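Me: I would like to go through this entry by question and answer. Here are the sequence and the structure.

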Amino acid sequence: MTTGVSVSKRIGTNADRVGLGAMLVAALCLVALGAKWVSGAASSLVLLLLLLVLIGVLVLALRGGPEARRLLAPYGLLKPGMLWLALFFLAPVWSLLRISLSTKPSRFSVDYNFTWAFQNYSNAFKDFGTQFQHAFVYAAIATVLTVLIGYPLAYVIAFRGGKYKNILLGMVIIPFFTSYLIRTIAWSTILADRGFVVRAFDKVGLVQALEWMHIMDNGKLLNTPAAVIGGLTYNFLPFMLLPIYVSLEKIDTNLVNAAGDLYSSATRAFRKVVLPLSIPGVFAGTLLTFIPAAGDFVNAQFLGNPNTTMIGNSIQDQFLKQNNYPVASAMSAVLMFSIASLVLIYTKIFGTEDLA
Amino acid sequence: MGESAITKNVIELDHISKTYGDFVAVHDANFSIATGEFFAMLGPSGCGKTTTLKMIAGFEQPTSGRVMLDGVDVSSIPPYKRNVNTVFQQYALFPHMTVFDNVAFGPRSKKIDEKKIKTSVMEMLEIVRLAEFANRKPTQLSGGQQQRVALARALVNYPSALLLDEPLAALDLKLREAMQIELKRIQREVGISFIFVTHDQGEALTMSDRIAVMSQGHVEQIGTPEEIYRTPSSLFVAGFIGSANLLPGIVQSRDGDDVVVKLRVGTTVRASAKGAPFSVGDKVSVMLRPERIKPAATVEVEGRGIEGLLTDLVFQGATARLIVRLDDGTEMTCLADSSASMPQIAPGKRIAMTWESECGFVLAGWPDKAGATTTDIDHIESTL
């Protein structure tokens with residue numbers, strides 16, 4: 001039995017490598033199952049392998065002594081998240097990319113043949129260029145607007161809120177306890193052609209000015225690009241406000257006092273001290289707003305018109321109505337990669353690792 | 001040194017008070033600080049010293065009274081228009097800027113020529129011995145270095161006065177002692193008035209030209225460290241500055257500057273009253289500093305000693321600490337020269353504690369806790 005002991009000892013001291021290996025094998029098994037790399041009897045085998053790996057690591061942890069457990073612990077803690085991502089992120093992305101390069105054998109077929117069909121991508125660009133453009137332009141404008149609205153709001157709550165801080169924050173957040181859909185539909189009622197907003201604008205005589213600014217169109221407020229952008233701005237405001245609030249709240253008021261003490265007016269103190277220290281919050285807020293806003297389809301559907309469709313609407317349409325999975329997948333892939341590269345560029349330019 | 005140089009005041013507080021609702025933070029503070037003076041405001045937390053400092057800086061407005069800076073009433077002028085600078089308790093360095101940019105912040109606010117800024121900032125960093133750290137971020141510096149950046153950032157503006165809010169509180173004991181000397185050196189070098197807030201009496205005694213002792217919003221006494229130590233104006237000051245044995249008694253008779261006090265323990269002693277108008281029958285306390293008392297076998301001069309039971313003798317190196325319990329239970333402390341021979345002195349024996357004629361000092365009233373208030377709480381706290 002001496003060899004058995006020494007082998008288990010060697011495994012014990014290399015438990016971190018065993019843990020890493022087991023985690024990667026388990027993740028690969030889940031991707032294989034989720035992305036349907038295997039089928040039939042083979043999938044049962046993969047499932048069996050997955051269970052064996054998990055049980056093996058468990059046995060090693062229980063029998064391997066404290067040193068082995070210490071080495072295994074990080075992988076044990078990582079495993080739930082990794083496996084979750086393998087099954088629900090990696091496998092679907094794999095399927096998405098695969099379908100985006102597939103063709104349907106016939107119009108009513110439910111199966112796809114993988115044919116390296118890059119024309120799906122060129123079709124996506126050719127047919128839905130405008131929708132892509134809408135998505136990015138509307139999301140960008142909405143992001144800028146949320147900064148312009150959210151920053152002063154966060155500033156007032158953080159620095160002037162006093163004991164009402166939490167109440168004020170609550171007033172911003174509580175509306176968002178109701179469903180996203182219902183809030184958006186409520187907006188369509190508010191902006192409706194005979195709603196009080198349009199009538200008020202009409203009474204005050206603002207309609208012409210707003211039409212000139214391309215906010216109203218033909219006396220209508222609903223079903224305009226402005227309404228879509230307004231909806232996006234409203235719906236994503238908390239995602240901008242909260243990170244900015246957190247970064248402002250952290251700022252020691254003595255820093256502002258120190259700036260004042262060093263002959264800075266309130267404006268200069270804000271520009272040189274408060275603003276730079278809150279930039280990480282603005283940065284986080286823009287990412288949290290822009291990314292989901294670019295893929296949004298709810299606002300364009302309820303507040304827009306056929307000429308304001310965003311790429312999210314087109315993807316939804318292709319997936320659910322046209323049943324054209326390959327082109328829909330290609331569009332999703334393009335959306336994913338273009339957002340990822342935009343974010344990368346943005347991070348490179350405004351990267352904030354300097355501001356710890 | 002002309003007379004005018006001494007009497008020229010940078011800051012004059014003209015009967016200022018500050019109240020928050022019912023709470024009186026500062027009551028009728030009325031004193032001046034001279035050019036080039038190292039001035040300490042000393043007191044326990046909540047005594048109003050920081051509030052007073054903030055009123056000088058401009059972060060708080062006095063409820064009544066005026067703050068005069070260089071002879072001009074600045075009571076309603078915002079901080080950024082006052083020519084005073086503050087070193088904040090936690091330094092409040094700008095974390096996103098380098099040491100250089102931190103120090104250059106004030107001159108840049110004033111829109112001084114960038115070339116001049118560079119020389120004056122480097123000069124000031126030279127004075128605080130941080131020139132080679134100019135490009136570091138504050139977080140990359142130690143506590144003592146951050147402290148010196150804060151000093152440089154304030155001093156580079158050559159303010160009329162520098163305000164320091166417990167500047168050494170965040171440092172450990174060793175560093176604090178080094179910084180006390182450093183602060184004093186920098187102050188001499190730049191010749192600017194330093195107004196220094198602290199709750200540490202040792203710090204105040206070591207560094208200041210004058211001290212204002214504050215308690216519960218009132219200025220109890222203003223004077224040089226020596227005056228305050230030797231002739232405190234109240235029981236509070238006597239107990240707060242250094243160690244003091246406070247023995248309660250009643251005035252029996254007057255004899256010129258001295259009074260004869262019959263102590264509660266029964267003994268009659270003579271002590272100096274410095275011309276204070278005590279009359280027969282007044283409740284007073286006799287203050288005796290532990291280091292001014294000498295142990296002896298018996299009281300030899302009538303009125304210059306007191307007997308008690310030696311309960312404890314602690315050898316402390318240069319000195320020995322003797323704890324003596326008087327007949328009424330009051331404990332007294334005596335710091336004796338440990339090299340002096342004390343043959344008959346051992347715990348459990350009855351000994352006398354004697355003093356010279358000028359050592360006893362009479363103060364009005366009795367202490368709350370009758371007997372000795374001999375513990376320097378800050379010192380103990382700081383060494384923990």
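Me: What is the relative accessibility of B:Arg270?

Reply: In this predicted model, B:Arg270 counts as partly exposed. That class lies between buried, under 20% relative accessible area, and exposed, over 50% (1.4 Å probe, protein chains only). The value for B:Arg270 is 24%.

Me: At what pLDDT do side-chain atom pairs count?

Reply: Residues are numbered from 1 along each chain as its sequence is written, chains are lettered from A and ligands numbered from 1 in the order in which they are written, and side-chain values use heavy atoms, with hydrogens and water left out. Because the model is predicted, totals for chains, interfaces and linings use all residues, local features need pLDDT of at least 70, and side-chain atom pairs count only at pLDDT 80 or more.

Me: How many residues apart in sequence are the parts that B:Asp255 and B:Arg270 tie together?

Reply: B:Asp255 and B:Arg270 form a salt bridge, with their closest N and O atoms 2.7 Å apart; the term requires a side-chain nitrogen of Lys or Arg within 4 Å of a carboxyl oxygen of Asp or Glu. B:Asp255 belongs to strand E12 (residues 244-255) of chain B and B:Arg270 to strand E14 of chain B, so the separation of the parts they tie together is 15 residues. Here helices (H or I, at least four residues) and strands (E, at least two) are DSSP runs numbered from the N terminus. The sequence separation, then, is 15 residues.

Me: Which strand holds B:Asp258, a further partner of B:Arg270?

Reply: B:Asp258 meets B:Arg270 in a salt bridge of 3.7 Å, N to O. The pair ties together parts that are twelve residues apart in sequence, because B:Arg270 lies in strand E14 of chain B and B:Asp258 in strand E13 (residues 258-263) of chain B. The strand asked for is E13.

Me: How many residues separate B:Arg176 from B:Asp200?

Reply: The side chains of B:Arg176 and B:Asp200 meet in a salt bridge, 3.5 Å from N to O. This pair links distant parts of the chain: B:Arg176 sits in helix H6 (residues 173-190) of chain B, and B:Asp200 in the loop between strand E9 (193-198) and helix H7 (201-207) of chain B. Both residues are buried. Their separation is 24 residues.

Me: How many salt bridges are there over all chains?

Reply: Side chains of opposite charge can pair when their charged atoms come close. Under the 4 Å rule, the count over all chains is 21.

Me: How many of the residues of helix H3 of chain B are buried?

Reply: Helix H3 (residues 99-109) of chain B is mostly covered. Its buried residues include B:Phe100, B:Val103 and B:Phe105. The cover over them includes helix H11 (253-261) and helix H12 (266-294) of chain A, together with helix H4 (114-127) and helix H5 (143-155) of chain B. Of the eleven residues in H3, the number buried is nine.

Me: What relative accessible area does A:His134 have?

Reply: A:His134 is found in helix H5 of chain A. Leaving out residues up to four places away in sequence, A:His134 touches A:Ala139, A:Asn307, A:Thr308, A:Thr309 and A:Met310, where contact means heavy atoms within 4.5 Å. A:His134 is buried, with a relative accessible area of 16%.

Me: What relative accessible area does A:Leu148 have?

Reply: A:Leu148 has its place in helix H5 (residues 119-160) of chain A. A:Leu148 is exposed, and its relative accessible area is 57%.

Me: How far apart in space are B:Ser279 and B:Tyr20?

Reply: B:Ser279 is in the loop between strand E14 (268-272) and strand E15 (283-288) of chain B. At 41% relative accessibility, B:Ser279 counts as partly exposed. B:Ser279 and B:Tyr20 are 259 residues apart in sequence, and their C-alpha to C-alpha distance is 39 Å.

Me: What share of the 384 residues in chain B is buried?

Reply: Chain B has ten helices and 22 strands. Its C-alpha atoms fill a box of roughly 75 × 45 × 45 Å along the principal axes. The buried share of its 384 residues is 51%.
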